[in-house]
Number of protein chains: 2
Amino acid sequence: MLVVKIGGTEGVHFGPICRDVAQLVQQGQRLVLVHGGSAEANALGEALGHPPRFVTSPSGFTSRYTDRKTLEIFAMAVLGKVNALLVEQLLSLGVPAVGLTGMDGRLLQAKRKETIRVVEKGKRKVLRGDYTGKIQEVHRDLLDRLLEGGYVPVLAPLAVSEKGEMLNVDADRAAAMVAAAMQADTLVLLTGAPGLLRAFPDESTLIPRLPAARLDEAMEYAQGRMKKKVLAAREALEGGVPRVIIADGRQEERPLLRALEGAGTWIEASMAGG
Amino acid sequence: MLVVKIGGTEGVHFGPICRDVAQLVQQGQRLVLVHGGSAEANALGEALGHPPRFVTSPSGFTSRYTDRKTLEIFAMAVLGKVNALLVEQLLSLGVPAVGLTGMDGRLLQAKRKETIRVVEKGKRKVLRGDYTGKIQEVHRDLLDRLLEGGYVPVLAPLAVSEKGEMLNVDADRAAAMVAAAMQADTLVLLTGAPGLLRAFPDESTLIPRLPAARLDEAMEYAQGRMKKKVLAAREALEGGVPRVIIADGRQEERPLLRALEGAGTWIEASMAGG
């Protein structure tokens with residue numbers, strides 16, 4: 001069982017990744033695809049006169065402040081555009097894709113963070129009315145049912161609260177939670193960088209292998225979005241996934257297959273070191 | 001097995017319909033929901049500076065001319081907005097909804113009409129580059145699998161061509177094809193009118209019962225969008241669905257339950273008359 005997360009970042013090409021997925025599926029690989037869509041959501045928000053508002057938490061994480069209107073724009077972009085186009089591309093390659101969100105059948109149940117703490121211009125503030133969630137439970141029945149039927153689930157990063165509210169969730173962490181719940185052998189996070197860099201943005205400082213014991217250290221030098229990937233990697237490993245690969249989704253040739261063959265940063269629980 | 005189509009017309013309220021769906025599902029009713037979203041697609045197209053272009057065929061049917069950009073806007077609206085909000089509303093009522101499009105698992109396979117014949121200002125023209133389809137095959141396996149698991153499929157009107165292209169399809173006719181393929185007992189088309197009217201828009205001319213043998217006649221007096229519903233009714237009946245109900249989706253109280261209890265226009269194969 002393989003879980004692959006495709007970044008919504010500019011530079012990540014869906015075509016080559018979908019071709020690799022088609023080849024793996026044809027070889028009998030059971031696979032779940034999770035995707036982002038931030039770039040599309042930002043562009044749509046701009047076009048509709050409701051540009052995104054990014055906020056930084058006291059601990060340094062950047063996220064999208066998601067009021068109800070932003071949530072609906074996010075859903076239109078990630079489900080109505082990114083998910084639909086991915087499903088279309090996979091179908092044209094003969095992959096029996098099924099587009100989903102974490103709302104479907106309460107697949108991803110999350111706790112809504114109604115208020116978020118942010119730092120703006122050096123001042124701490126509390127923002128209300130946010131529709132972002134932290135995933136708490138993965139109900140894998142729907143995925144099992146689809147995989148048994150030979151389908152390839154393609155999952156957009158929306159979840160549902162206990163009350164039934166749609167919530168925006170982080171796609172990397174959603175992929176990690178799904179990989180853990182599905183007892184995947186491998187989680188691959190394809191992104192707009194060659195992997196984890198010791199000195200961002202110098203790509204020659206790629207870390208090819210990282211023992212899980214060194215993840216705390218990695219949280220120090222990971223920059224920006226990469227922090228969330230390291231966090232997602234840790235969540236997956238703690239959830240029992242033996243291997244997480246952070247690799248380059250910008251490659252035109254075999255980006256996913258190359259990652260599985262050894263490219264990018266491999267993080268394994270069983271690696272010696274620390 | 002019940003198939004319910006909810007119109008995307010103004011005036012049709014999702015809330016009361018979803019409450020009825022929740023009650024029926026709780027009573028053990030197997031149900032598939034199909035929805036439109038034209039109004040949302042039009043509004044989004046306007047907001048994005050790509051307003052819809054409606055064309056009329058030589059035989060008098062009105063449809064949306066769907067170039068690739070219009071198709072992507074249509075997908076954002078019907079899947080990313082209408083479908084997501086319906087799933088959210090159903091979940092909040094305890095219904096285990098799963099949002100789908102006809103692309104998923106090639107559920108609705110359609111033939112692309114690459115060129116369409118239209119009449120504009122009294123002149124016949126041929127338009128190219130259209131992404132509209134006519135459904136040719138329904139692959140029901142995905143629906144069966146979800147229904148077996150106790151899920152309620154919620155289907156957006158997108159289909160896939162043999163080549164794997166996303167296509168816009170008519171939601172009424174999609175519902176009819178699904179009802180036939182699923183051997184539904186009843187297809188309910190909920191719309192912005194009390195049913196089929198002999199003299200549109202006079203609502204006192206509602207036809208409460210119509211034998212299938214009189215559908216040809218109904219095609220004569222049905223106006224505008226209602227023509228497609230009559231066509232959909234015929235397709236469902238020809239496909240073996242014994243009963244089609246065209247009823248009022250604008251009701252605040254029990255719109256779907258009332259339809260099943262006798263409201264609207266009931267069209268049955270077995271009715272005497274002709």
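Predicted model: local features only at pLDDT ≥ 70, side-chain atom pairs only at ≥ 80, totals over all residues.

Mentor: The contact draws 31 residues from chain A and 31 residues from chain B. On the side of chain A that touches chain B, the elements that contribute two or more residues are α3 (68–92), β5 (97–101) and α4 (141–148) of chain A. Of these, α3(A) supplies the largest share, with 12 residues. By residue class, that side of chain A divides into 16 nonpolar, seven polar and eight charged residues.

The arrangement of the copies can be described through a general point: two copies of a chain are related by a rotation about an axis and a shift along it. Here a rotation of 180°, with 0.0 Å of shift along its axis, superposes chain A on chain B with an RMSD of 0.0 Å. The two copies are thus related as by a two-fold rotation axis. The C-alpha of chain A that lies nearest this axis belongs to Gly80(A), at 1.9 Å from it.

Helix α3 (residues 68–92) of chain B has 25 residues and reaches 34 Å from its first C-alpha to its last, which is close to the 36 Å expected at 1.5 Å a residue. Along its course α3(B) has a kink of about 25°, centred on Asn83(B). The helix is mostly covered, with 20 of the 25 residues of α3(B) buried. After α3(B) comes Gly94(B), which has a positive phi, near 85°.

In chain A, α3 also takes part in packing with another helix, α1. Helix α1 (residues 14–26) of chain A has 13 residues and reaches 18 Å from its first C-alpha to its last, close to the 18 Å expected at 1.5 Å a residue. The buried residues of α1(A) are Pro16(A), Ile17(A), Cys18(A), Asp20(A), Val21(A) and Val25(A), and the elements of chain A against which they pack are β1 (2–6), β2 (31–35), α3, β10 (152–156), β13 (186–191) and α8 (255–261). Following α1(A) is Gly28(A), whose phi is positive, near 95°.

As for the setting, chain A has eight helices and 16 strands. Its radius of gyration is 18 Å, close to the 19 Å that the globule rule gives for 274 residues, so chain A is as compact as a globular protein of that length. Taken along the principal axes, the C-alpha atoms of chain A fill a box of roughly 50 × 40 × 30 Å. Buried residues account for 50% of the 274 residues in chain A, and, among contacts in chain A between residues at least 6 apart in sequence, 74% join residues at least 24 apart.

One example of a pair separated along the chain can be taken from chain B. Gly224(B) lies in the loop between α6 (215–221) and α7 (225–238) of chain B, and with 13 other C-beta atoms within 10 Å Gly224(B) is partly exposed. The C-alpha atoms of Gly224(B) and Phe61(B) are separated by 7.3 Å, although these two residues are 163 residues apart along the chain.

How values were computed: Residues numbered from 1 in each chain as written. Chains lettered and ligands numbered in written order. Contact = placed C-beta atoms within 7 Å. Helix = DSSP H or I, 4+ residues; strand = E, 2+ residues; numbered from the N terminus. Nonpolar A, V, L, I, M, F, W, Y, C, P; charged D, E, K, R; others polar. Least-squares fit on C-alpha atoms with pLDDT ≥ 70 in both. Expected span 1.5 Å × (residues − 1). Bend = angle between axes of the 7 residues up to and from the residue. Buried ≥ 20, exposed ≤ 12 C-beta atoms within 10 Å, placed from the backbone. Rg over C-alpha atoms; globule rule 2.2 N^0.38 Å.
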